[in-house]
Amino acid sequence: MGASWIHHSPRIRINRSALAAIFDHVGAPFERIGLLIGWLHGNTLWITDAIRGDSGDWRHCSILPPEFLARVAEGIISGNIQGRIIGWYHSHVGQGVFMSDVDLQTHLRLAQFSPYVVSMVIDSKTLEYSLFSLLPDGSLMEIRPESIDIV
Ligand SMILES: [Zn+2]
């Protein structure tokens with residue numbers, strides 16, 4: 001469960017191709033959002049893919065629309081998407097890397113899908129990024145850079 005994952009110094013592994021796809025997506029002067037797909041292997045959360053959330057009429061929006069979540073969940077069930085929803089990413093345009101109250105609400109919504117979701121925040125101007133997870137007491141924890149491997 002999530003509590004044990006977060007208690008045993010979680011590690012994140014990100015596929016280079018997934019990271020490249022995320023940075024390609026957030027290279028825009030407005031906020032972008034998408035889902036992180038992958039697996040939990042022991043204590044390592046492996047991010048293998050990223051799905052852009054900017055189809056349709058809401059591409060300037062920074063919250064996850066339910067229909068997008070439903071479409072991805074359907075893709076996972078049908079086998080078109082390999083992996084599970086293990087988090088989400090979004091960009092801030094020059095405001096720095098942090099979790100806003102709205103971001104925390106989005107994180108909590110995704111936590112209904114999986115007990116070990118992470119939030120990835122990228123500043124699209126500085127290209128600085130961080131990953132956040134939720135501690136059992138409900139507070140946010142920034143995952144240390146030395147716990148993140150890019151493979
Ligand atoms: Zn944000």
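Biologist: How do you know which residue a number refers to, and what limits apply to a predicted model?

Modeller: Residues are numbered from 1 along each chain as its sequence is written. Because the model is predicted, local features need pLDDT of at least 70 and side-chain atom pairs count only at pLDDT 80 or more, while totals for chains, interfaces and linings use all residues.

Biologist: Why is alanine 50 called buried?

Modeller: A residue is buried if 20 or more other C-beta atoms lie within 10 Å of its own, exposed if 12 or fewer, and partly exposed in between, with C-beta atoms placed from the backbone. Alanine 50, whose place is in strand 3, has 26 C-beta neighbours inside 10 Å and therefore counts as buried.

Biologist: And why is glycine 94 called exposed?

Modeller: Glycine 94 lies in the loop between strand 4 and helix 4 (101-110), and because it has 10 other C-beta atoms within 10 Å, it counts as exposed. Of the 151 residues of the chain, 29% count as buried.

Biologist: What makes two residues a contact, and which residues does alanine 50 touch?

Modeller: Two residues are in contact if their C-beta atoms, placed from the backbone, lie within 7 Å. Not counting residues up to four places away in sequence, alanine 50 touches Ala18, Ala21, Ile22, Gly34, Leu36, Ile37 and Tyr89.

Biologist: How do you know that the buried residues of helix 2 lie on the same side?

Modeller: The buried residues of helix 2 (residues 16-26) are Ala18, Ile22, His25 and Val26. They cover an arc of only 90 degrees around the axis, which puts them on the same side of helix 2; the arc is that of the directions from the helix axis to the C-beta atoms. On the other side of helix 2, Arg16, Ser17 and Asp24 are exposed. The buried residues pack against strand 1 (11-14), strand 2 (33-41), strand 3 (44-52), strand 4 (84-92) and strand 5 (118-123).

Biologist: What makes two strands a pair, and in which sense do strand 4 and strand 5 pair?

Modeller: Two strands pair if DSSP finds at least two bridges between them. Strand 4 and strand 5 have 6 bridges, in the parallel sense, and histidine 92 stands opposite aspartate 123 in strand 5. Strand 5 and strand 6 pair in the antiparallel sense over 4 bridges, with valine 121 opposite serine 130 in strand 6.

Biologist: Why is strand 6 described as largely enclosed?

Modeller: Strand 6 (residues 129-134) has 5 of its 6 residues buried, so it is largely enclosed by the rest of the structure.

Biologist: Why are strand 7 and strand 8 called edge strands?

Modeller: The open sheet of 8 strands has the order 7-6-5-4-2-3-1-8, with mixed pairing. Strand 7 (140-142) and strand 8 (148-150) are its edge strands, and each pairs on one side only. Strand 7 is joined to strand 6 by 3 bridges, the two running antiparallel.
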